[in-house]
Amino acid sequence: MGREKKTKTSKHIKCDVQFDNNPQGVFHAGDTVSGTVEIQLEKLKKFRGVSLRINGFAATSWNAKVPGGDAKSPKKKKKAHFNGREDYFGSINYLVGSDVGNPLEVVPGVYRYPFTCDIPPTAPSSKEGKYGHIRYVVKVSLERPWKYDHVFQVPFLVKSHADLSLAPDRMLKPARAEVIQSFYFGLTDPLIVTATTPRTGYAPGEVIEVTIHVNNQSSVDVRDIAIKFQRIDTFLSQVPSVQQHHEHTVMEDRTIGRVAGRNDAVFEENILIGSTVPSDDERCKIIMTRYEVQLLVRPVRSRKKLLLTLPIVVGTVGVPSTLYPMQLLAKERAALGMDDVTAGPGTATALTPPESPPPYPDDAQPSTSRAFSVDNLTDAPAAPTTTDDVKEHEFEKGSEPYTPRDFDDELAVAKMPKEKTSKHVKCDILFDNNSSGIFSSGDHVSGVIELHLTKLKKVRGVCLLISGYSTVFWEAKVPDGPKNKKVKAQFKGREDFIKKKQYLAGSENGAGMQLPPNLVRYKFDFAIPPSAPTSMEGKYGHVRYLLQVTLERPWKFDHNFQQPFTVVCPADLNHSNEVLCIPTKAESMITFYCGFCRSRPLMVSATTPKSGYAPGETIDLEVFVQNSSKVAVSEIEIKFQKILTFTSQTRVIAQTQIPKEENNVQYEVLEVRKIPKTEGENDARFVEHFVVGPVPSTETTHSRIVAVRYELAIVVKPQASTKRMKLQIPITIGKIPLAGSATPYAMSGGLQKLSDTLSDQSTAPPAYEA
């Protein structure tokens, strides 16, 4: 950067640069800049030439003190100037004369010269910062070697194009940050703060929905939480050495109030993104722009402050609604681990065997009887208080089309008759030769229903409902209406596998019968379909199998008794359509720094000998780190996790219901391993062993709305870098292992535990309150 010649303006010369069809002078990368230079002379002027320069460049500059003392004072520092420059395009044209021609005399008048120039498609957006800038300038110079030049500059703006839909996987990935802090030398319970956003990519005009979950298990109050949405510009110098400076620009800040100790709170903040430049770390090598949401948690009576950052990518074109509907907010919160918000650090993940039915609440089924007044509690019929017709029972309907009543608990309860238990009636549902109530798909189920009556009971009939079904349900705020105002929407779905209704005594239209005070037994039997999926419980849905005995009394409340049972699908890995016996490999590579300073690559690969496993077998994961760079790897985190995918069938807003398929994903970490530090310019090989516990099999075909799969997720964290390498290896879990498996069935501790559980017939499923 040589010294520039001094310039001077004159009152006898006027110059104006006008852009064609663009008076604001705002262009996009890849556009063609055209216009006219108008020079007005009021007196005779002598020039060597009139030059037109159009260029775009980035420049950084600042002063800093660096060590530079002599031997007598080695700690003394001297002032140094750091600068850098990067050019994107430049052109020079002589409108009059030349750079080596003889002087010309130009008479007074008005002179117009057209010009044109192409902006490269990779040109970055115009920026202005404290330590540098990116500028685009049209410069007109009236050159006079014997005097100061007359120079006129007109800047114009360039906006780069950043389409977020070109990288939907990265842009739709949720952002999550978590911090755990204990107080008083670690003697208190932890304070856990988790911040999440439903996605990473946004465009101006969109809203960042930040969810903050404060799980304060300690006795120390949280004074407040400061939230900042800020732009961070990084300026790099080239001379005399590579240094960097950061400039933080706060675009919006919020403050959340106090959270008392021993309390749990969830906050949601909506941050609107205004007009700003897009994120850029590739187009310009010396000025980079990124965005983040920063949270600062300040506890009371403590100097410790908890800092969380959520990276945000801002583009010019947002993700289309077809790729990212706002209804996926609940799905991404589940994917970020918001399912068990009360679990503290270090809590071991329990592997609950599928053989024990989960303790879900009573899933009431509507009765065929009508609601009647309960003022008269005698067995004589009373006059009904409503004229509603008898509603069709849900087991008498097909699964398609299905109304919200079939899977909406609140709505179903509001429409069904009330139920009542009685101390004079007890019901036991016993399975033949299977006290645990655990069956396989395709099994024949039989048993006895025992009614213990201590007094005479009048009923219309004794009905047995056998049901097997899967349901999904969650709520989210979505834009709706002409102004796209956000309203609460419900996403629902239901799928039936078993639907059977039979009367053990009486009939649906019978006049009534009397049950004597005695022990009454009824036999039942039915077949479980071979395609029935495994019982499963999740935050946003479940797969359940249920027996319900109903003593129907149209003139009173019905007596309902429920007994769940568990179904296990015997998944045979040898019959899978996928090739599960061959090794599976995932690999990734990154480099650090940029330009001439770009480092050598860091390559990480992960391999498993096969992808199909049964409970009790061991997954041997081999991780190979080939670090050719000088950046050390601080940690490698490996998660063996279960992924539950729930798919809705309808969306309900107010009273409007439309078909809508949306996905909601729940992650459940089964086991976590961490590999220690790996130095730079070094290779390392690690082998980790994961024992598959008694978990449900992979399920992706038998149910259309609930799916279960597994994976090994590997996250590589380089030291002093925000870059992360992420690898995924899919794992298929089945009940029957692959033929020729190296792990014997009898040698496996997990399978032995599973076998002991299945052989123990003394443990019955938990009772479900009616």
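User: How much of this protein counts as buried?

Analyst: In this predicted model, 48% of the 770 residues of the protein count as buried. The protein exposes about 38500 Å², and carbon and sulfur atoms supply 51% of that area.

User: And what is it built from, in helices and strands?

Analyst: The protein has 44 strands and four helices. Among contacts with a separation of 6 or more, 74% are between residues 24 or more positions apart.

User: What is the mean pLDDT, and where is it below 50?

Analyst: The mean pLDDT of the protein is 80, with 81% of its residues at 70 or more. Over residues 335–419, however, the pLDDT is below 50, although this stretch has 186 contacts in the model beyond near neighbours in sequence. Residues 1–5 also stay under 50, and for them the model has five contacts beyond four places in sequence. Where pLDDT is low, the predicted coordinates should not be read in detail.

User: How does E15 pair with E21, parallel or antiparallel?

Analyst: E15 pairs with strand E21 (residues 306–314) in the parallel sense, over two bridges, and Gly201 stands opposite Val313 in E21.

User: Which residues make the nonpolar surface patch?

Analyst: Tyr184, Phe185 and Leu187 make a nonpolar surface patch of about 470 Å². Leu187 itself lies in the loop that runs between strand E13 (175–181) and strand E14 (191–197).

User: Why does Leu187 count as exposed?

Analyst: Leu187 counts as exposed because its relative accessible area is 74%, and the cut-off for that class is over 50%.

User: Now Thr454, where is that one?

Analyst: Thr454 is in the loop between strand E24 (444–453) and strand E25 (457–459). Its relative accessibility is 54%, so Thr454 counts as exposed.

User: Which residues is Thr454 in contact with, leaving aside its neighbours within four places in sequence?

Analyst: With those neighbours left aside, Thr454 is in contact with Lys423, His424 and Pro517.

Definitions and conventions:
Residues numbered from 1 in each chain as written. Predicted model: local features only at pLDDT ≥ 70, side-chain atom pairs only at ≥ 80, totals over all residues. Heavy atoms only, no water. Patch = residues over 30% accessible without salt bridge, like charges linked within 9 Å, V, L, I, M, F, W, Y side chains within 5 Å. Areas by Shrake-Rupley, 256 points an atom, 1.4 Å probe, with all protein chains shown as cover. Salt bridge = Lys/Arg side-chain N within 4 Å of Asp/Glu carboxyl O. Buried < 20%, exposed > 50% of the residue type's maximum accessible area, 1.4 Å probe, protein only. Pairing = 2+ DSSP bridges. Contact = heavy atoms within 4.5 Å. pLDDT = per-residue confidence, 0-100.
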